[in-house]
Amino acid sequence: MLEEKIQEKTLEENLKKYFGYSTFRKGQKEIIEKILDKKDILGVLPTGGGKSICYQLPALLMEGMCLVISPLISLMKDQVDSLIENGISAGFINSSMNRKEYSQILSKVKRGQIKILYLAPERLSNHFFIDFIRDLDISFIAVDEAHCISQRGHDFRPAYKLIANIYQILERDVPIAAFTATATQEVRQDI
C-alpha cells in the first residue's frame, strides 16, 4: 500500500513537472499504471482527453525509449516540438525528412539521446529500419490513432497491419499501448 502511495505521488509530481497539470483526467492514471506495469492496453479517450500524456509520461519514467507509431506527420511534429520545449528528448521519422535529417535522428537514437521516437507505420516495412530497432532498448510501443488498424473503420491504413509483426521484428515481447478517440466494439476487437 505504501508503494502505491509513493507511485501516485511520483506520477502526480512528474505530471506537474513535465506537463504542468496538477491532476489526471478521467482514465489517464489507470492507463499509465498499466503501461508502467508493462501490460498491453487499449485506451479509448475522447478527442482532447489527453491520450498523449498516457504514453508520454510513462515513457519518461521507464528505462529505454518509447516508439510511438502515428499516421499524421503534422501531429508528430507538433508533439515533438512540444516535448522538446518541455525539456524532453524526442524525435520523429517520417517521409517529410531528407536523408541528412533521417541520419541525424538515427545517430541520436543510437546514442540514447531520444526518449520518445515518433514514426510512421510504413517505417515498419523498411528492412534497414527494422534491423536498426532490433537492438534498441525499447520500453514499450504506443500506437496513436489505433482505429487505423481496423478495416472496418473509415481511416484504415494498410501499413498499420505491420504492427502485428512487431514481436517478430524485435524478436522479444514489448508491451503495446494503443490509443484512439472513438471506436465501435468491432473496431476495438480488431485493435
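Modeller: Let us begin with helix packing, for which we need axes: an axis is a line fitted to C-alpha atoms, for helices over the stretch in contact, and the angle between two axes runs from 0 to 180 degrees between N-to-C directions. Please keep in mind throughout that this is a predicted model.

Biologist: At what angle do H2 and H3 pack, and how far apart are their axes?

Modeller: The angle between H2 and H3 is about 40°, and their axes lie 9 Å apart. Angles under 35 degrees count as roughly parallel and those from 65 to 115 as roughly perpendicular, and H2 and H3 are therefore oblique to each other. Their crossing is right-handed, and the residues that make the contact include Ile31, Ile32 and Ile35 on the H2 side, with Tyr55, Leu57 and Leu61 among those on the H3 side.

Biologist: How many helices and strands does the chain have, and in what order do they run?

Modeller: The chain has 8 helices and 6 strands, and, read from the N terminus, their order is α-α-β-α-β-α-β-α-β-α-β-α-β-α.

Biologist: Which residues touch the most other members of the largest nonpolar core?

Modeller: That core has 61 residues, and those touching the most other members are Leu117, Tyr118, Ile133, Phe140 and Ile141. Helix H3, residues 51–61, gives the most to this core, with 6 residues. If we take Ile141 and leave aside its neighbours within four places in sequence, its contacts include Leu67, Ile69, Ile166 and Leu170. For the chain as a whole, buried residues make up 48% of the 191 residues.

Biologist: Is Lys38 buried or exposed?

Modeller: A residue counts as exposed when its relative accessible area is over 50%, so Lys38, at 58%, is exposed. Lys38 sits in the loop between helix H2 (28–36) and strand E1 (41–44). As for backbone angles, most residues other than glycine have a negative phi. Lys38, which is not a glycine, has a positive phi near 60°.

Biologist: Where does Ser103 lie, and what is its relative accessible area?

Modeller: Ser103 belongs to helix H5, which covers residues 99–110. Its relative accessible area is 37%, and because this value falls between the 20% and 50% limits, Ser103 is called partly exposed.

Technical notes:
Residues are numbered from 1 along each chain as its sequence is written. This is a predicted model: local features need pLDDT of at least 70, side-chain atom pairs count only at pLDDT 80 or more; totals for chains, interfaces and linings use all residues. Side-chain values use heavy atoms; hydrogens and water are left out. Helices (H or I, at least four residues) and strands (E, at least two) are DSSP runs, numbered from the N terminus. Buried means under 20% relative accessible area, exposed over 50%, partly exposed in between (1.4 Å probe, protein chains only). A nonpolar core is a set of buried Ala, Val, Leu, Ile, Met, Phe, Trp, Tyr and Cys residues joined through side-chain atoms within 4.5 Å. Contact means heavy atoms within 4.5 Å. Angles under 35 degrees count as roughly parallel, over 145 as roughly antiparallel, 65 to 115 as roughly perpendicular and the rest as oblique. A crossing is left-handed if the near helix is turned anticlockwise from the far one by less than a right angle, and right-handed if clockwise.
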